[in-house]
Amino acid sequence: GEYTVTESGFGADLGAEKFFDIKCRSAGIDTAAVVLVATIRALKLHGGKKLGALSQPDPDAVERGLANLDKHVENIGLFCKTPIVALNRFADDTDEEVMVVRRHCDALSVAFAETNHFVRGGEGATELARTVIEIAEHTNANFRPLYEVADSVPDKIRAVATKMYGAKNVYFT
């Protein structure tokens, strides 16, 4: 195939950090595109909606939850990459909620694709596939690790904690 897709693991913090800093570096590979998967349910949860109420429409909670998405976009940017946000759409998601995310991604100049492949199969991922191909063919920035291999272990820990997780500092005892 022309493209190989791999899942780096959960989150653009732990999963992507390990993928770039360990796997890409040790294997001598880079990515042509990075897909960041989001859901309306998760955004509402991060926006303060209670777990039992996530199926209720709430564009305001989606809006409040975008700060979490922003941090993941920022984390991917630490590696000199701009992700494609793939919104995994579910039956309870409203068009208004989806538009909140789409408009936000547009404002960030981040590519957006809606998917519903779990209902429509491959046809439900066509928009994402086209977006990935477009980005992969027109983006050439090489990834940049968070730290150098020669850095001390405390410096590596400090780099991950402060850059990826937002810690102000790390103290060792």
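Where does C80 lie? C80 sits in the loop between α3 and β2, where helices (H or I, at least four residues) and strands (E, at least two) are DSSP runs numbered from the N terminus. Before going further, a word on the ground rules. This is a predicted model, with local features needing pLDDT of at least 70 and side-chain atom pairs counting only at pLDDT 80 or more, while totals for chains, interfaces and linings use all residues. Residues are numbered from 1 along each chain as its sequence is written, and side-chain values use heavy atoms, with hydrogens and water left out.

C80 isn't a glycine, yet its phi is positive, about 70 degrees. That's worth a look, given that most residues other than glycine have a negative phi. C80 is also partly exposed, with a relative accessible area of 28%; on this scale buried means under 20%, exposed over 50%, and partly exposed in between (1.4 Å probe, protein chains only). S109 shows a positive phi too, about 60 degrees, and isn't a glycine either. You'll find S109 in the loop between α4 and β3, and with a relative accessible area of 64% it is exposed.

What about disulfides? A disulfide here is a pair of cysteine sulfur atoms within 2.5 Å, and by that rule the count is 0. The closest cysteine sulfur to that of C24 is in C80, 13 Å away, so the gap is too far for a bond. Seen from the other end, C80 is in no disulfide, with the sulfur of C24 as the nearest cysteine sulfur. C24 itself is buried, at 1% relative accessibility.

Now follow the chain into the sheet. Three strands make up an open sheet in the order β1-β2-β3, with parallel pairing. β1 and β3 are at the edges with a single partner strand each, so one side of each has no neighbour in the sheet. From one strand to the next the twist averages 25 degrees. Two strands count as paired if DSSP finds at least two bridges between them. Strand β1 (residues 35-38) pairs with β2 in the parallel sense over 4 bridges, and V35 has I84 as its bridge partner in β2. On to the next pair: β2 and strand β3 (residues 111-115) are parallel over 5 bridges, with A86 standing opposite A113 in β3.

β2 itself (residues 84-88) is mostly covered, as 5 of its 5 residues are buried. I84, A86 and N88 point one way from the strand, V85 and L87 point the other way, and all are buried.

Finally, the helices. α3 lies across β1 and β2, running at about 165 degrees to β1; angles run from 0 to 180 degrees between N-to-C directions, and axes are lines fitted to C-alpha atoms, for helices over the stretch in contact. Helix α3 (residues 59-77) also packs against helix α4 (residues 95-108), at an angle of about 35 degrees and with axes 9 Å apart. The crossing of α3 past α4 is right-handed, meaning the near helix is turned clockwise from the far one by less than a right angle.

Contact means heavy atoms within 4.5 Å. On the α3 side, P59, V62, E63, L66, L69 and D70 take part, meeting E96, E97, V100, V101, H104, C105 and L108 in α4. The residues of this contact split into 8 nonpolar, 1 polar and 4 charged, counting Ala, Val, Leu, Ile, Met, Phe, Trp, Tyr, Cys and Pro as nonpolar, Asp, Glu, Lys and Arg as charged, and the others, Gly among them, as polar.
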